[in-house]
Amino acid sequence: MTDTLLSAQNLAVFRGEHCLFSDLNFSIAAGEVLQLHGDNGSGKTSLIRALCTLLPIEQGEISWRGAALPAAREQYFSEMTYSGHSEAIKGDLSARENLSFTASLRGTAEASIEQALSRVGLQDRADLPCRFLSAGQRRRVTLARLQISVAVLWILDEPLTSLDVHGRALVEQMIASHASGGGAVIFTTHQPLSLDGCDVRSLELTC
Amino acid sequence: MFRWFHKLASLKNFYRLAEILLPWLAAICAILLVVGLYRGLFVAPTDYEQGESYRIIYVHVPAAWMSMFVYVVMAFCSAIFLVWKMKLADIVAEVSAPIGAAFTFLALSTGSLWGKPMWGTWWEWDARLTSELILLFLYIGYMALRSAFDNRRTAAKAAAVLALVGVVNIPIIHFSVEWWNTLHQPASITKFDKPSIHISMLIPLLMMAVGFKLFYIVNMLSRARSVILEREANTAWVTERVKENRL
Amino acid sequence: MLASFIALLKRDLTLAARRRGDWLNPLAFFVMVVTLFPLGVGPDGDLLREIAPGVIWVAALLATLLALDGLFRADYDDGSLEQLILSPQPWSVLVLAKVLAHWLITGLPLLCLSPLLAVVMQLPAKALPALLASLMLGTLTLSLIGAIGAALTVGLRRGGVLLALLVLPLFIPVLIFGSSSVIAASQGFAIEAQLSLLGALFMFALVLAPMAIAAALRISSE
Amino acid sequence: MKEFFAMGGYAFYVWTSFGLTFMVMAIIALGTRLQRRRVVAAVTRRAQTESKPDAREPFRE
């Protein structure tokens, strides 16, 4: 059985005094894709942020390759990448500069930046400061960032926002190839996603 | 010992324990304050140097000690809260802040009232008074930060970090103000030293000091119980107590 | 680890280079505040010379305070603060890079401008080395301590005034030793004592502040 | 008795200090009592409405 990467045991997260979800158990192994379902306010984003140790958890425990977080934080962060609602892109820097900064921070190969940019179709706007790019193009910069990352686990919060049809196809194709290449993906989305070729487990969030 | 530490941490036990202790502590506090006051005002002899105005030490000195003591308690509770996530410690720190600020204000006002006959001015940049003033700013900063957040949980952690940063800085501030004072003031009589304490003057002072401490503990415990009641309103033990109406 | 330290430092400096306002405003503020005093107090040279160290130091302190508000706010607003928290490198090292970048953007220019203001305030020339040395150590410590306040209030919409309320009491020791070193120098006394105390404060802040800043940022980005 | 109150000429300072101290302490004690009364009332009111689900008034944070 492939080794489980991230596992959560009877997880409970509160927003203020209001319980978002409780007794949540799941785990994800290499090559798997997990889609989180739940209507607005059901705590999908809170769960995602809790998995990234950005949000404290009330009860339960999250562990990475068997080691409990947040103790094994250093190891976990070097093998995961998180892409949230806000794109974490500096408007004054160009796409290429943003990517090279992430590359030097997360120690990925510099050479692959050009390929990533061309793959997401930004090669001719790579030197324009990102504040001049449209929302869809900025979302593509985050996709390029995923391309150059060496992370095993991708945690994506609404990766399809402000993407056009081609963008959506690109995301589906990237997730599929990452999973088949031995990676794991956890993501939340409202629009249906057709991911042929890999087993997509889904998880319903109720309190 | 550690099991006791966690048992106490459960808010229910703390609530019951405080309920038992409060009447006794309040009684002792009242007695101490009354007797201390009586001995301080009537029995203690007049000071040959400052005459009767030295009697203000019976409120000024205990208040000054309390202002420092309460901040240290807040910092200690903040450390426990950040390390062991003990809700009780956060509640104690939260309710102690206004009381500590009140004592600091008292220390300042009685200090300037005591200083007026000696120096002729309401405010004298004396090292101790200046440190008290800065301590008051630290209290105000703590309370302002705590009320600035809408999410209570973040407010508690942020305030705890500030309390720890503050308590580390207090000795530094005090040393630098002392140093600054001796630098600019020609070494005149050290204005604020208590007159050579005669034993009959010392006893009332100690009584008042313990009385003030008990006053703080009584009010802190009672306020903590109210906050616990408010926050645990929908827990089983609170609703059960409501039914037996022995809140 | 060093690579990411330099990368973050370089990124912040390029960002500052592209957004002039962020670091020019505190400088303009610094010059303006100092020039207000002769207007308020009168042009009489002796009086100005008397209050020059205190005025320059308080103005430098307020200018640093003004610049602190934006230290983490830009990263917090566009989400890159979370990405920094989720980086494998120890978080307090990256925080140190941010504070150093902030000092290079605001503290250093203050330092370079202060001789100009010393002349405006009739400060004797022999006090200039003391002014530069004390401001050098002082603004570094102020940036470190102030960053704790900035981290605590980054999540608040109107955190500016609260930031001042939190950190000004903590700035007092730096102000006391800093301005007294300049006063001592202008009267011809030795300033080793003050400078060594300033150095001690800086070391103290350098060791402890990053931990507090890291914890505060983690709390604010919850 | 009269000269006792004169406090050797420092009457104003001594009595204002003591008066101010005990006034502030009274304000603290009063604050504690009022807070307790407010919370007890809120909790009991909430518990009663709890037993009658339809008349449930949202608990103000």
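Predicted model: local features only at pLDDT ≥ 70, side-chain atom pairs only at ≥ 80, totals over all residues.
Five strands of chain A line up in the order E6-E7-E8-E3-E9, and they make an open sheet with parallel pairing. At the edges stand strand E6 (80–83) and strand E9 (200–204) of chain A; each has a single partner strand, so one side of each is left without a neighbour in the sheet. On average, neighbouring strands in this sheet are turned by 15° against each other, if direction is ignored.

With E6(A), strand E7(A) pairs in the parallel sense over four bridges. Two of the partners can be picked out by name: Met80(A) has Leu153(A) as its bridge partner in E7(A), while Ser83(A) has Leu156(A). E7(A) also runs parallel to strand E8 (residues 184–188) of chain A, and five bridges join these two strands. Here Trp154(A) stands opposite Val185(A) in E8(A).

How much of E7(A) is buried? Five of its five residues are, so the strand is largely enclosed by the rest of the structure. The cover is found on both faces of E7(A). Leu153(A), Ile155(A) and Asp157(A) are buried on one side, and Trp154(A) and Leu156(A) are buried on the other.

Next come the charged pairs. Over all chains, the count comes to 27 salt bridges. One of them brings together the side chains of Glu32(A) and Arg201(A), with 2.7 Å from N to O. Glu32(A) sits in the loop between strand E2 (18–29) and strand E3 (33–37) of chain A, whereas Arg201(A) belongs to strand E9 of chain A, so the pair ties together parts that are 169 residues apart in sequence. Arg201(A) is partly exposed, and its relative accessible area is 31%.

Another salt bridge links Asp78(C) with Lys90(A), and the closest N and O atoms of this pair are 3.0 Å apart. Asp78(C) lies in helix H4 (residues 70–78) of chain C and Lys90(A) in the loop between E6 and helix H3 (95–106) of chain A, so this pair joins two chains. Both Asp78(C) and Lys90(A) are buried.

Chain C has a salt bridge of its own between the side chains of Arg11(C) and Asp12(C), at 3.2 Å from N to O. Are these two residues buried or exposed? Arg11(C) has a relative accessibility of 4%, so it counts as buried. Asp12(C) also counts as buried, at 9% relative accessibility.

Chain B is built another way: it has eight helices and zero strands. Reading along its sequence gives the pattern α-α-α-α-α-α-α-α. Taken along the principal axes, the C-alpha atoms of chain B fill a box of roughly 65 × 40 × 35 Å. Of the 247 residues in chain B, 57% count as buried. What about contacts across the sequence of chain B? Among those between residues at least 6 apart in sequence, 79% join residues at least 24 apart.

Arg223(B) is found in helix H7 (residues 199–231) of chain B. Although Arg223(B) is buried, it has no salt bridge. How far away is the nearest side chain of opposite charge? That side chain is Glu94(B), and it is 9.9 Å away, while a salt bridge needs the atoms to be within 4 Å. What Arg223(B) does have is a polar contact of 2.9 Å between its side chain and that of Thr32(D). Leaving out residues up to four places away in sequence, Arg223(B) touches Val95(B), Pro98(B) and Ile99(B) in chain B, along with Ile28(D), Gly31(D), Thr32(D) and Gln35(D) in chain D.

That leads to the chains as a set. Five pairs of chains touch, and the pair with the most contacts is B and D. Chains C and D, on the other hand, have no contact joining them, and their closest C-alpha atoms lie 20 Å apart.

How values were computed:
Residues numbered from 1 in each chain as written. Chains lettered and ligands numbered in written order. Heavy atoms only, no water. Pairing = 2+ DSSP bridges. Axes fitted to C-alpha atoms, helices over the stretch in contact; angles between N-to-C directions. Buried < 20%, exposed > 50% of the residue type's maximum accessible area, 1.4 Å probe, protein only. Lys, Arg positive; Asp, Glu negative; His and termini not counted. Polar contact = N/O pair within 3.5 Å; in protein donor to acceptor, adjacent residues only side chain to side chain. Contact = heavy atoms within 4.5 Å.
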